[in-house]
Amino acid sequence: MTFTGGAVVAGVAGWPINHSKSPQIHNFWLRKHEIDGVYAPFAVHPERAYDAFRSIPLLGLAGMNVTLPHKEIAYTAMDKVDHMAQRLKAVNTIVVRRGKLHGANTDFFGFFESLREACPSWHANTGPAVVLGAGGAARAIVAGLQDAGAPEIFVINRTPQRVEALADEFGPPIRPVPWESRAVALSDANLLVNATSLGMRGQPPLDLPLYALPQFAVVYDIVYVPLETPLLAAARARGNVAVDGLGMLLHQARQGFRDWFGPDPEVNDALRAYVLEAL
Ligand code: NAP
């Protein structure tokens, strides 16, 4: 791919950064749309992250994605943030507008778009959701489900203090459930989300019997390596709709691409296959 001195430049900052799939996603779209642009990985040491983000306009960059462990420090470096970034106090997409840093958090948008794609008839307000995890990804999903009108959100985490802090911060309808009660907590759910790292390659499997889960419930595992986790396989085998984590990763990237480079890019099978090869 070639680009000129007038190329629009964006990228992704993290530490480490070599695991990030964002360069593959954005450069796939740049090629498809024949845009004079570049999207590069930036290895930014945590001690220099704040200064690095403040330097984005000075370097003439269009903006940046932010990944672990910088999402919270990026939030503190912004001139302005969107509703979701404000709620989560975490930023994953930075856009430079008239020299100022605008921060957004698009993780829930990615989650919700891929859920709608897999199950267009699903609505947040038709029943309780159960979310496993209380880390960064779980926080984004819980906040988004709350905004979308979920009547009850049961949040289950190995470390109870973390889930209690989340419930205190976000308020009703979030209800902490002990980790030991996770199987029975599924009995009324219309959505089950695994937002822990359990089931990911190199991590222990998620031990969660599904006997109490209604068959109409959608099961969503945000882990995407492997794509078909044992949780999703078990859900499919008993007739539940199962959604893998790749769609969230791809859809969360759309807003940044559109804001930096122009077109609203498509998430399609060709992109999925291209990114899957790199996993
Ligand atoms: P995080 O902030 O580090 O949170 C990790 C979560 O997993 C915590 O709730 C943690 O519980 C739980 N956990 C870890 N090991 C556990 C164990 N042995 N037993 C029980 N619970 C355990 O990570 P994150 O950023 O939220 O990411 C979580 C997962 O989502 C990762 O696999 C990540 O790759 C994936 N993810 C996917 C997308 C996507 O686009 N599809 C986006 C973001 C993240 P404690 O609080 O008890 O430690």
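These questions and answers cover the nonpolar core and the sheet of a predicted model.

Residues are numbered from 1 along each chain as its sequence is written. Local features need pLDDT of at least 70, side-chain atom pairs count only at pLDDT 80 or more, totals for chains, interfaces and linings use all residues, and side-chain values use heavy atoms, without hydrogens and water.

Visitor: Which element gives the most residues to the largest nonpolar core?
Guide: This core has 34 residues. A nonpolar core is a set of buried Ala, Val, Leu, Ile, Met, Phe, Trp, Tyr and Cys residues joined through side-chain atoms within 4.5 Å; buried means under 20% relative accessible area (1.4 Å probe, protein chains only). Among the elements giving two or more residues are α5 (107-118), α6 (136-147) and β10 (191-194); helices (H or I, at least four residues) and strands (E, at least two) are DSSP runs, numbered from the N terminus. With 6 residues, the top contributor is α6.

Visitor: What are the edge strands of the open sheet?
Guide: Its 6 strands run β2-β1-β3-β5-β6-β4, with mixed pairing. Two strands pair if DSSP finds at least two bridges between them. Pairing on one side only marks β2 (37-43) and β4 (80-81).

Visitor: Which residue is the bridge partner of V81 in β6?
Guide: β4 and β6 (residues 100-104) pair in the parallel sense over 2 bridges. In β6, V81 is partnered by G103.

Technical notes:
Buried < 20%, exposed > 50% of the residue type's maximum accessible area, 1.4 Å probe, protein only.
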